[in-house]
Amino acid sequence: PAFEWFMKAALEGMQGSMIMVGLWYMDGFGVEKDEEDGMKWLRLAASSGHEEARNILSELERRSESDGE
């Protein structure tokens, strides 16, 4: 399955795979939904300098703030 391949690559430090794993956890796509793990992988990619991961996190935070209003 694709998730296993992406997880292996993410564990090896591939930033794009970290994003995919994070998004799949967030959505429950091919894996049990786990938003905490999803955020962990997105933050890891962002902290390693991946701009797309930073943008995704910013958007998720913006949505979270607007949901709380």
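**Notebook: salt bridges and overall fold**

I count a salt bridge when a side-chain nitrogen of Lys or Arg lies within 4 Å of a carboxyl oxygen of Asp or Glu. The model is predicted, so I note that local features need pLDDT of at least 70 and side-chain atom pairs pLDDT 80 or more, while totals for chains, interfaces and linings use all residues. Residues are numbered from 1 along each chain as its sequence is written, and side-chain values use heavy atoms, with hydrogens and water left out.

**Entry: the Glu-59 network**

I checked the spacing of this pair: Glu-59 and Arg-63 are 4 residues apart in helix α4, which means a separation of about one helical turn. Salt bridges with shared partners join Glu-59, Arg-62 and Arg-63 into one network. For Glu-59 and Arg-62, I read 2.5 Å between the closest N and O atoms of the salt bridge. These two residues are 3 positions apart in helix α4 (residues 51–67), again about one helical turn.

I then looked up accessibility, where buried means under 20% relative accessible area, exposed over 50%, and partly exposed in between (1.4 Å probe, protein chains only). Glu-59 is partly exposed at 28%. Arg-62 is partly exposed at 47%, and Arg-63 is partly exposed with a value of 47%.

**Entry: other charges**

I found a salt bridge between the side chains of Lys-33 and Glu-35, at 3.6 Å from N to O. Glu-35 has 44% relative accessibility and therefore counts as partly exposed. My search of the whole structure gave 4 salt bridges.

**Entry: the chain as a whole**

I recorded 4 helices and 0 strands, in the order α-α-α-α along the sequence. Helices (H or I, at least four residues) and strands (E, at least two) are DSSP runs, numbered from the N terminus.

The C-alpha trace spans about 40 × 25 × 15 Å along its principal axes.

Of the 69 residues, I noted 32% as buried. Among contacts (heavy atoms within 4.5 Å) with a separation of 6 or more, 28% come from residues 24 or more positions apart.
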